[in-house]
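Q: Could you take me through a close look at one part of this model, in plain words? I would like to follow a few side chains and see what surrounds them.

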Amino acid sequence: MDKKNLAFDKVNFILLAVGMLIVIIGFILMSGGESTETHYDPSIFSAMHIKVAPVVCFIGFISMIYAILRKPKNKAE
């Protein structure tokens, strides 16, 4: 297969992987704080779970969109 016909190059795949890693980190930050029927845990309303984690996920999604839309540079032969 000719490399000129590929939509993504190595940098696009690296940027996609980094964006996916950022999204996963955001979801990990969003989890935590277990509340059951008998025990209430107020840490589910912490700033990290409500404010920081969604912003981290949003940054990850934006970086993935950039990685998809980025046009690979053509090498002069």
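A: Let's begin with phenylalanine 58, which sits in helix H2, residues 47-69 (helices are DSSP runs of H or I with at least four residues, numbered from the N terminus, as strands are, which are runs of E with at least two). Please keep in mind that this is a predicted model, where local features need pLDDT of at least 70, side-chain atom pairs count only at pLDDT 80 or more, and totals for chains, interfaces and linings use all residues. Residues are numbered from 1 along each chain as its sequence is written, and side-chain values use heavy atoms, leaving out hydrogens and water.

Phenylalanine 58 counts as exposed because its relative accessibility is 55% (buried is under 20%, exposed over 50%, partly exposed in between, with a 1.4 Å probe and protein chains only).

With 17% relative accessibility, arginine 70 counts as buried. Its neighbours, leaving aside residues up to four places away in sequence, are Asp9, Val11, Asn12 and Leu15 (contact means heavy atoms within 4.5 Å). With one of them, aspartate 9, arginine 70 makes a side-chain to side-chain polar contact of 3.2 Å (a pair of N or O atoms within 3.5 Å; within protein, one must be able to donate a hydrogen and the other to accept it, and residues adjacent in sequence count only if both atoms are side-chain atoms).

Finally, a look at phenylalanine 8: at 25% relative accessibility, this residue counts as partly exposed.
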